[in-house]
Structures are given as C-alpha cells and as structure tokens.
Amino acid sequence: MKVSLFITCLTDIFYPDVGKNVVELLERHGCEVDFPEKQTCCGQPAFNSGYHKDAKKAAKHMIETFEHAEKVVTPSGSCAAMFKEYPSLLKDEIRWRERAEQLAGKTYELTQFLYRVLHVTNTGATLQGVATYHTSCHMVRLLGETEAPYVLLSNVQGLELKELPNKQNCCGFGGTFAVKMSTISEQMVDEKVEHIEETEADVLIGADNGCLMNIGGRIQKEKKPIKVMHIAEVLNHREMGGGDV
Amino acid sequence: MSSGNVQNQTTFLNHVADRLGRERRTTVNPPSYFSFPHQKMGKEADISELAKVLKKQCLAIHTDVREATINNLREVIDQVFVEYEAITAAVWDDPRFHQFGLDSIVERPQVSVWGEEPGREANIQAAEQADVGITFSDYTLAESGTVVIMNGAGKGLSVSLLPTNYIAIIPLSTLVPRMTQATAAIHEQAEKGRRLPACINFISGPSNSADIELDLVVGVHGPVRACYILVDDLKKEKKNEHETN
Amino acid sequence: MAMKIGGRSFDKRAEQGVRDSYMRETVRTAQERLYTNKSQAEEELGDWEEWRSLSEKIRSHTVDNLDYYLERLSENVSKNGGHVYFAQTAAEANRYIQSIAERKEAKKVMKAKSMVTEEISMNEALEATGVEVIESDLGEYILQIDDHDPPSHIVAPALHKNKEQIKDTFSRRKGYQKTSKPEELTQFVRKKLRREFLEADIGITGCNFAVAESGSVALVTNEGNARLVTTIPKTHIAVMGMERVVPTWEELDILVSMLCRSAVGQKLTSYVTGLTGPKAQEDVDGPEEFHLVIVDNGRSNILGTPFQSALHCIRCAACINVCPVYRHIGGHAYGSIYPGPIGAVLSPLLEGYEDHQDLPYASSLCAACTDACPVKIPLHELLVEHRKVIAQEKKTTLGETFAMKGFGLVASSPRLFEMAAKTAPALLAPFTNKETIEKGPGPLKEWTAIRDFPGPKKERFRDWVKERNKGGAE
C-alpha cells in the first residue's frame with residue numbers, strides 16, 4: 001500500500017530518529033512510503049490560539065500537499081486530529097471544505113493505521129523492560145482511538161506493560177498552554193511524572209511527540225532514571241547482539 | 001383557582017425570538033427523537049425481577065428493606081418501630097391503610113393522621129415531633145430504589161419529610177422499571193390538561209450529604225433512616241383471576 | 001455575590017490555588033472518587049452515547065424554541081395560580097423578590113442551593129432591606145457562616161475546605177464543641193436549622209428544570225433542605241435561568257437521569273421534587289403563594305451565536321470533575337462563581353471579557369470536559385472560539401498577533417518553513433548543552449524553567465529522507 005507520511009514539525013526538527021523508525025516500521029509491513037517534501041505544519045498552534053485566518057493558510061497548504069495521497073499517516077494523534085478539523089475550519093469555503101473532507105477521510109495516526117487498516121496486531125518487536133504507556137488526550141478523545149496502541153504494545157516481546165494511574169489526565173502540554181500557563185502546566189506534568197514513577201517503569205512510551213517533549217523534558221530536568229520512547233521506536237525495536245540472525 | 005400574574009412576558013420573549021433571529025413561535029413540532037434507550041431498560045423484567053433490582057439498589061442507598069404479606073404487614077411495621085426505637089408516628093389520611101389492614105395502627109393515640117388536627121401549624125408540628133412518618137408508594141422505581149408519592153389533601157408533604165424516620169409501604173403492584181414509567185403517567189395527566197398534585201416526590205432513601213470532603217453522611221435535613229416494606233398485594237389478585245376463570 | 005469573585009489577576013489567583021495544599025488534596029480525592037462513580041453510573045445505563053445524543057437533542061430543540069417553551073411554561077404556572085416574573089437583568093429580578101418580601105413583611109428567608117441566585121447577588125439584595133437570609137444546603141451554610149466565602153464548585157460549593165477548617169468555623173461562629181467528624185458536624189447543622197425552617201416566612205430555591213407542559217419546577221437534591229424550604233414557608237419563590245426549561249415530563253426523565261449520574265454518580269438523588277405550586281385549596285402544607293422568576297441576565301446574548309450550546313448546560317459539574325486544570329488550581333482561581341471549563345466558557349459570555357479574558361486560556365484543550373459532558377457541549381471547542389474572538393478583537397498582545405501572522409506565512413510556504421527550520425538550530429546553538437536546552441531564550445524561558453527542551457538535531461528528518469532517496473536512486 002502506498003502511504004504518504006506527514007511527519008509533523010516536532011518530529012522533523014527535534015526527533016528525526018522517531019521519523020526513521022516510522023518509515024522502517026511502515027516499510028516492514030509492506031508500505032511504500034512517500035514523503036511530500038512541501039509539508040510544513042498542520043496549523044494547530046495558530047488554530048488553538050484563535051488565529052483561524054492564519055491556521056487556514058496552513059490548512060490549505062497541507063490539503064494541496066497531500067491531495068495526491070492514497071492514505072496519510074502521521075505519528076501524532078494530535079496532528080491527525082487537526083487534519084480532521086480542517087473541514088469545520090474551512091466550512092465557509094465549499095470547494096476547500098470538500099477537499100478538506102477528502103484529506104480528513106484518508107488520514108490516520110500511525111498505530112491506528114497499523115491496527116485498523118493493515119490489521120497488524122504484532123509488529124514483531126522485542127524490547128526487554130518494564131514500561132508504562134501515556135494515552136494522549138487528542139488521540140483518545142478527538143480521534144477516539146483507545147485500542148490500537150495497547151494491542152500493538154501488548155505483543156512486543158519482553159515488554160511488561162504497567163497501567164499508568166490517572167492515565168486519563170492531560171500531561172499539561174497543550175501547545176502554547178505549556179508556556180502561557182506555565183504555573184499550571186508545571187503542576188500537571190509533575191503529577192504525571194509522579195504517576196509514572198509509581199508504576200516503577202523504566203520506560204515511558206507515548207504516541208505523540210508533543211506530550212513526550214513535555215513529560216520527557218520534565219523527567220530530564222529532574223534527572224529521573226526513566227527512558228522516554230515514542231511508540232514507533234518501540235514497535236520497530238529489535239534486540240541487538242542477541243545472536244539471533 | 002384564580003390565575004396568577006405573568007409580568008414582562010411579551011418584551012422578554014420577543015427579545016429571545018429576536019436573538020434567535022426569527023419571529024415568535026406559537027407552535028412547535030414536538031422533537032422527533034431517534035432513540036429511546038430509557039424505554040428499553042427493564043422492559044422484559046417481571047415483578048419478582050424488579051423486586052430483586054429494587055432490593056439490591058436499597059443496599060446502595062442505605063435503605064432498610066422488609067417484606068410482608070397483607071396478613072402480617074402490621075407486625076412487620078411494629079417490628080420496624082421496635083428497631084427504630086420509635087413510639088410516635090405521623091401517617092397519611094389514605095384509604096390504603098384500611099385496605100391493607102392497618103386500622104389498628106392508625107387508631108393508636110401515638111399516631112397522628114394528617115389533616116386530623118385543625119390548621120396547618122398543628123399538623124406540621126405533629127409530623128415534626130413524630131419518630132416515624134408512614135406513607136404508601138404510588139409508583140416504585142426499581143432501578144433507583146425510588147418511592148414516588150403524589151401528595152395532596154390528606155397526603156401531607158410533611159409526613160415523609162419531618163419525622164426522624166420514614167417508612168414507605170410498597171405494594172408490589174406499584175413496581176415499575178424506572179423513572180420513565182412514572183413520568184409517562186404524569187405526562188399523560190398533564191397532556192389531558194389536568195392539574196398535577198402541587199408536590200410529587202421521588203424519594204430514594206434517607207436524606208444525605210457529601211458536602212464535607214465528599215464524605216457521605218446519611219441523615220441531614222430530612223429523615224435519618226428509611227425503611228421500605230414490600231407488600232405482596234398481587235397473590236390475592238391472582239387468586240381472583242383463577243376463580244373467575 | 002455577583003459572578004465575579006476575588007480581586008487580583010488570574011495568574012495570582014492560580015498561584016494561590018497551587019499553593020493551597022489542603023484544597024488541592026481535597027479536590028484531588030474528590031475528582032478521583034467522582035470519576036469512578038460516574039464511570040460506573042455510565043456503564044449501568046447501557047449505551048451512554050445513545051443517552052448523550054438523546055440529551056443533546058432535547059437540549060438543542062428546547063433552546064432553539066426557547067420563546068415557545070417559556071411561554072407555555074409561564075401560561076401553565078399562571079393557570080395553576082402561580083405568578084411568573086420575567087427579569088431581563090439581575091436588578092429587575094432582585095427588585096421583584098424584594099417586593100414580595102416587603103409585601104409579606106418577611107423577616108426570615110430560608111434558601112436552598114441555587115447558582116442563579118448567587119449570580120444575581122440575591123442574598124445581598126434581600127439583606128439590604130433588612131431580611132435575614134439563611135442558606136440551608138450544608139455546603140452553602142458552611143460558606144455563609146465563614147464570612148460569605150464564595151463557592152468553588154457548582155455542586156459541592158465548599159469543596160475547597162477540609163473538615164478541620166469546617167470544625168474551626170463552626171466553633172468560632174456557632175459555639176460548636178464536638179469533633180471534626182462529618183457526621184457530627186452534619187448533625188449539628190440539622191438541629192440548628194430545624195428551628196429556622198419552622199420559622200421562615202419565605203422559601204427560595206433555584207430550579208434544576210422547569211416543565212413547560214405542566215408549569216412545574218423540578219428540584220434535584222440529597223439533603224432534604226429544598227423540600228423543607230418548599231413545604232413549610234407560606235411563600236415559595238423559585239428562581240431559574242431562562243434556559244432551564246424542558247418540554248414535558250418525558251424529557252425531564254432523561255435529563256434528571258443524566259444530571260444525577262453525571263453530577264454524583266447516583267441513579268437518582270435522594271429527592272427529586274416536582275412542584276406544581278401553589279398548594280391546592282384542600283392541601284394542608286406547601287406554599288400558599290408561588291412565584292417563578294425567570295432570569296435572562298446576559299443569557300439572551302448567547303442565543304444565535306456560535307456559543308449557543310453553552311446554554312444547554314444542566315449544571316452537573318461533570319466537566320469540572322474531570323478538568324486537570326481545576327484539579328490543581330481549585331475553583332476560586334477562576335474568579336467566577338462558575339468555575340472549571342463551563343465557567344471558562346460562560347463567565348466571559350455573561351459578564352464580558354474584561355474580567356474573564358484569561359479563562360479561555362486556562363485549558364490545555366485536552367477535551368476531557370467535552371468528553372464528560374452529558375449533553376455534549378463541545379466545551380473545548382467553545383474555549384477555542386473565545387480565543388478566536390479575543391484574537392479578532394485584537395485583545396491579545398501585539399507580539400502574539402505578530403507571531404501568529406508569521407506562523408501562517410511560514411506554515412503555508414515550504415520555502416519559509418525550510419528556512420525557519422534550518423535557522424532554529426543555529427539560533428539555539430549557544431543554549432544547547434549536548435543534546436538539550438536547559439535554559440532557553442525568549443518564550444523558551446517559560447518552558448525551560450520547568451523542563452529541558454530538545455536541541456534541534458543537525459540532520460532533520462527530511463534531510464535523512466533526501467539522502468536516503470538519493471541512495472536508493474543510485
């Protein structure tokens with residue numbers, strides 16, 4: 001299947017390794033990965049801040065960029081949800097709205113695509129360790145995807161998954177919220193880290209680099225011995241040096 | 001009954017219509033609802049199943065349950081009196097007390113019948129000083145453990161409210177699955193243009209509050225304890241049916 | 001007490017909330033308990049989403065036809081012998097209520113919990129005319145005797161106080177001598193207020209729902225105080241926000257079921273009381289006189305706008321009980337008697353942006369509120385809608401407007417995006433320590449005060465793709 005990858009700006013600039021894992025993972029499951037070079041940002045920062053005129057510019061550009069795609073896959077529930085917001089953002093411009101609807105209809109978050117479209121339940125990954133999974137708000141509530149990451153992670157060989165207490169609570173990222181309301185955001189991320197520690201996991205897994213940048217940044221600042229991994233890195237992970245050739 | 005005053009209606013409602021961007025509406029088509037989940041609940045249950053649901057729910061709402069036949073109802077009530085260390089009682093002026101063989105309770109000097117004393121204050125006073133208030137249930141909602149009572153005239157509001165304890169006599173024939181059946185009956189009255197009782201109570205157990213640290217305290221301004229006595233009033237009817245057959 | 005509570009800026013209030021460890025512990029426990037209870041209650045109903053959709057439909061139909069249903073309601077109340085007063089403003093509502101108190105020569109008014117009476121500052125208006133107003137809901141009573149501390153939650157108004165603090169208030173103000181056990185505190189109030197109920201001249205309640213077809217008012221309570229208030233005093237005044245109407249008892253069934261489950265996880269509260277006042281001739285107790293005051297107070301301004309669904313709210317507080325922001329700052333930080341997500345949506349609509357402009361930003365847009373709402377109000381979308389209005393009216397800082405203009409430009413031009421992404425590493429290089437940024441410049445400062453920021457990598461993902469494709473072509 002031909003898949004057009006929307007890598008997201010955070011992954012492009014700050015987490016290129018996650019991007020590489022996404023490509024390998026998709027290829028491993030028989031996808032031909034296309035990367036439209038003109039892609040920029042989904043426009044969520046402007047949209048969420050109320051600058052919808054500016055967000056529309058980004059939206060139209062992305063609609064054009066991905067118009068040729070059969071399926072669009074992105075390693076972020078939040079950015080996928082933004083694509084799905086385009087039709088309502090452009091509701092007053094009928095032609096654009098129709099094009100937006102087409103894009104929204106063919107867009108999938110990575111794990112959602114693997115599980116729901118390719119019907120993959122086991123990616124053949126191996127990772128020794130105890131991990132906990134952070135459910136990102138937009139993936140769960142805006143995309144309604146509650147199953148895919150759990151199914152895929154449950155089949156990673158060697159991985160013990162611990163339930164994260166109060167997993168329904170936001171980590172405090174929220175884009176500009178993290179800097180605009182930093183006092184509150186700090187309390188939220190602190191509580192999140194507290195709960196992660198309660199699980200005694202060595203690895204925190206998430207499916208959205210926004211959340212991971214926030215939680216991971218706090219973990220790093222506090223020098224906690226917890227490794228942070230994007231789910232693509234986990235699902236594409238193979239044990240090294242096992243001699244298993 | 002003379003009509004009450006309605007003030008500022010026209011200006012107010014014209015303004016509302018204006019804000020809604022249209023003329024005032026004098027007719028509205030009733031909404032067409034596409035689903036009726038409330039009507040499905042408990043639809044298949046027979047009386048004994050409903051009684052089971054009711055009894056289970058009573059555990060959750062801190063309500064005592066006793067079962068009686070018409071023959072031993074009086075004794076069962078007296079046992080509850082002993083348990084609650086109750087002597088005085090306030091009861092409705094309701095023919096069902098006679099039908100259920102409770103004349104001997106109603107006639108006791110420690111029992112005051114609503115409306116028996118002249119004047120509002122004296123009746124309220126009597127109820128306020130009673131250890132127990134007793135009413136019959138008009139509809140009994142299994143799901144929520146609720147006694148629905150239609151107050152009015154000899155059926156004073158105060159009887160189920162002011163005494164320290166409350167006993168509801170629940171003929172099994174009053175059992176329905178949930179609020180839906182009771183409100184449907186009330187709706188039917190309203191639709192026929194009948195004036196409803198000035199007060200209809202849906203009572204589910206004793207009064208309670210969780211206003212302090214969300215800790216549940218049973219017994220606040222209303223009764224501190226509540227007891228439902230389920231009376232099997234169906235057996236006799238069944239017998240009659242057989243006889244007539 | 002008007003809607004607005006507390007002075008100072010939002011930031012200061014939020015900081016104070018964050019520092020209040022008692023309050024935070026209580027709120028945290030409460031949220032977790034309510035979350036469990038509500039989830040259970042949802043499950044018991046079967047298809048929760050079906051119930052939500054039905055409820056949404058009922059609310060939107062009613063609000064779309066509000067003039068019609070309010071007319072039917074008022075005609076039916078009047079037919080039953082009750083009086084109806086339509087009040088455009090808080091002042092009009094208060095003047096009417098004062099005039100009843102005056103005519104009845106009332107000395108004592110007993111009140112059940114009601115948010116709309118808080119909103120219009122009714123207590124202060126009555127007290128100004130020399131009438132004593134006693135709050136009878138346990139939570140409201142606690143706040144009233146503690147120098148009118150404002151409510152911090154629309155269902156559990158005294159949620160910010162722990163039992164020790166409540167015990168202290170009781171002993172200081174009312175000579176209470178027992179322990180801080182909630183049972184003992186509650187028994188004390190029961191005894192104390194019984195007398196007051198029997199002596200009150202007027203009972204005042206809010207209105208959870210008014211049923212248009214019969215002119216009835218439904219009150220959803222647990223303590224029994226609202227029943228006392230509407231049974232003993234000879235006059236009952238119900239005050240309702242104009243949107244709280246339902247067409248018939250059949251819709252009342254659905255909405256009451258949703259309200260009880262969403263608010264406290266109960267199937268039904270201990271008392272759901274349907275009042276079709278005043279009392280009939282042959283009735284012995286119950287009010288001889290009944291007044292329904294229907295309040296606009298800014299609500300009509302919401303009609304016909306993108307915010308109309310905010311009027312569908314049934315005040316269950318489910319959004320508050322799941323809000324991670326509320327969790328850490330508590331209700332008072334919102335500076336409004338309506339806190340949490342619904343408060344952040346409603347307060348600027350009812351009272352204007354001036355006092356409440358920060359509220360729409362006090363959300364990470366995690367959508368927990370939208371998900372929890374039993375009538376499907378898209379709360380987080382309405383918060384974004386507020387931000388849109390604020391941005392359009394240029395009430396944001398110039399810097400932000402400029403930055404977002406720049407964003408639009410960059411995000412719609414691959415060339416500029418490329419440039420920005422390329423310059424970022426160079427600009428951030430002086431602050432980058434190994435792979436991360438511990439102390440960032442400009443807006444990054446707020447970020448790095450709390451968390452490290454990833455340093456931009458030398459090779460971006462797209463560079464890798466380019467290289468790889470080249471390799472593949474070779």
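Student: Which way do strand S1 of chain B and strand S1 of chain C run?
Tutor: Strand S1 (residues 6–7) of chain B and strand S1 (residues 83–87) of chain C run parallel, joined by 2 bridges. Strands here are DSSP E runs of at least two residues, helices are H or I runs of at least four, and both are numbered from the N terminus; two strands pair if DSSP finds at least two bridges between them.
Student: And what stands opposite B:Gln7?
Tutor: That's C:Tyr85 in S1(C). One caveat: this is a predicted model, where local features need pLDDT of at least 70 and side-chain atom pairs count only at pLDDT 80 or more, while totals for chains, interfaces and linings use all residues. Residues are numbered from 1 along each chain as its sequence is written, and chains are lettered from A in the order in which they are written.
Student: How many residues of chain C are in contact with chain B?
Tutor: 85 from chain C, against 73 of chain B, with contact meaning C-beta atoms, placed from the backbone, within 7 Å. Helix H4 (residues 66–79) of chain C gives the largest share of chain C's side, 9 residues.
Student: What about chain A with chain C, how many residues there?
Tutor: That contact takes 54 residues from chain A and 49 from chain C. Several helices of chain A supply at least two residues each, including H2 (16–28) and H11 (182–198).
Student: New topic: how many helices and strands does chain C have?
Tutor: 22 helices and 13 strands. Its C-alpha atoms fill a box of roughly 100 × 55 × 45 Å along the principal axes.

Terms used: Contact = placed C-beta atoms within 7 Å.
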